Amino acid sequence: MFKTAERDFPDSPPPEPRSPGASAAGPAQADRRSGPITDRRHMRRYILIMTALGLLAVGVTFGIMTWDNPGETGTRPWWLIVAMRRDSLITIAVVAVCHAVATVAFQTAVNNRILTPGIMGFGSLYTAIQTTAVFLLGVGSATALVGVGPFLMQMAAMVVLATILYTWLLSGRFSNIHIMLLVGVVIGGVLGSLSNFMQRMLTPSEFDVLQARLFGNISNARADYLPYAIPIVLVVVALLWLRANTLNVIALGRTTAQNLGVAYRRELIIIMALVSVLVATATALVGPMMFLGFLAAILAYQFSDTYSHRMLFPMAVLFGYTILAGSYFMLRHIWDAGGAVTIIVELIGGLVFLIVLMRKGRL
């Protein structure tokens, strides 16, 4: 009475052939899996990009160490100049690690790939400290702010301000990360306006000395800062590395992270505190750099194509180091313009930032 033969349904498609390894439930999915690396092609691509970045970083490092070295290769004067340049390279590496790791962790915490830790006013606070010292004490205070003590004091001031801001706005009555970001923007604007007011009252010579301090400059760092900065950075990066799986879950959003058992508010405060230490260290070391972390993070997202922070962190660090070291090499050894690397970093970072905005953050 009811015919179900294939000839009664001429328009129906023929059944798909089943693979030898397929079960009755459907075709085999042996090559498909979920994870930070989706298939072998993805793994090869990641390894190739990391290898290329590593080679580029080594090439830039070798160029900085040996380019235009007046000493004869292998002699004592040649090695002395190499040792001097080595301190600059270590500074570049520390700053690249700080900005790259801090930006990736910060963007995961706030669930936004456009914002950077600079929105919390670290650069404005650094500018306010330097400007206030010159305004109250004169040009001589610029040299008074050079040394291990002033370096640690500036870093501590930025960390304390950020920690108070995080704990107050993330654990208080509001407990809203958007309010925290808004307050950070307002504080940065207030400090920036105060700094501009004091700068207008300086003499031309004082203003010139101050401006040299306000640009992100590798020459601002001294070798005696590094024994203090390096252990701090290594400890903080290790803590964020151990929290990589937690960051992977936080990236799914607040509701999902809480449903998966993450103490969202506590982890958020811890991550923000660690981020503030990294950014404060880098800012106190060489000065503010707004777009370095953003540039390193956005390139890591684009080329790694993964959610795993244990794969994002190394690529972001390599991008940050290559960009910063390449900028330093171009300015110092090609254009003979000193170590004010923000000239190139801010230019490239600003252009990439505009591209991201025009594409509505799809990178």
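Me: Is Arg41 buried or exposed?

Reply: Arg41 is exposed, because its relative accessible area is 66% and the cut-off for that class is over 50%. Bear in mind that this is a predicted model. Arg41 sits in helix α1, which covers residues 40-66.

Me: Which residues form a positive surface patch?

Reply: Arg and Lys are the residues that count as positive. Here the positive surface patch consists of Arg40, Arg41, Arg44 and Arg45.

Me: How should I read the overall secondary structure of the chain?

Reply: The chain has 14 helices and zero strands. Along the sequence the pattern is therefore one α after another: α-α-α-α-α-α-α-α-α-α-α-α-α-α. As for burial, 46% of the 363 residues in the chain are buried.

Me: How is Phe135 classed by relative accessibility?

Reply: Phe135 counts as partly exposed, because its relative accessibility is 31%, and the partly exposed class lies between the buried limit of 20% and the exposed limit of 50%. Phe135 belongs to helix α3.

Me: Which residues in α3 are buried?

Reply: Buried means under 20% relative accessible area. The buried residues of α3 are Phe122, Gly123, Leu125, Tyr126, Thr127, Ala128, Gln130, Thr131, Ala133 and Val134.

Me: What span does α3 reach from its first C-alpha to its last?

Reply: The general check compares the span with the number of residues at 1.5 Å a residue. For α3, with 16 residues, the span is 23 Å, close to the expected 22 Å. After α3 comes Gly138, which has a positive phi, near 90 degrees.

Me: How many salt bridges does the structure hold?

Reply: Side chains of opposite charge can pair when their charged atoms come close. The structure holds three salt bridges. One of them joins the side chains of Arg86 and Asp87, at 3.8 Å from N to O. Arg86 is partly exposed, with a relative accessible area of 43%, and Asp87 is also partly exposed, at 24%.

Me: Which side chain meets Glu267 in a salt bridge at 2.9 Å?

Reply: That partner is Arg243, with the 2.9 Å taken from N to O. Glu267 lies in helix α11 (residues 264-286), whereas Arg243 lies in the loop between α8 (226-242) and α9 (244-250), so the pair ties together parts that are 24 residues apart in sequence. Glu267 is buried, with a relative accessible area of 8%, while Arg243 counts as partly exposed at 22%.

Me: Which side chain meets Glu267 in a salt bridge at 3.2 Å?

Reply: Arg266 does, with the 3.2 Å again taken from N to O. Arg266 counts as exposed, at 53% relative accessibility. Because salt bridges can share partners, Arg243, Arg266 and Glu267 are joined into one network.

Note on methods: Residues numbered from 1 in each chain as written. Predicted model: local features only at pLDDT ≥ 70, side-chain atom pairs only at ≥ 80, totals over all residues. Heavy atoms only, no water. Helix = DSSP H or I, 4+ residues; strand = E, 2+ residues; numbered from the N terminus. Buried < 20%, exposed > 50% of the residue type's maximum accessible area, 1.4 Å probe, protein only. Patch = residues over 30% accessible without salt bridge, like charges linked within 9 Å, V, L, I, M, F, W, Y side chains within 5 Å. Areas by Shrake-Rupley, 256 points an atom, 1.4 Å probe, with all protein chains shown as cover. Salt bridge = Lys/Arg side-chain N within 4 Å of Asp/Glu carboxyl O. Charge placed at Lys NZ, Arg CZ, Asp CG, Glu CD. Expected span 1.5 Å × (residues − 1).
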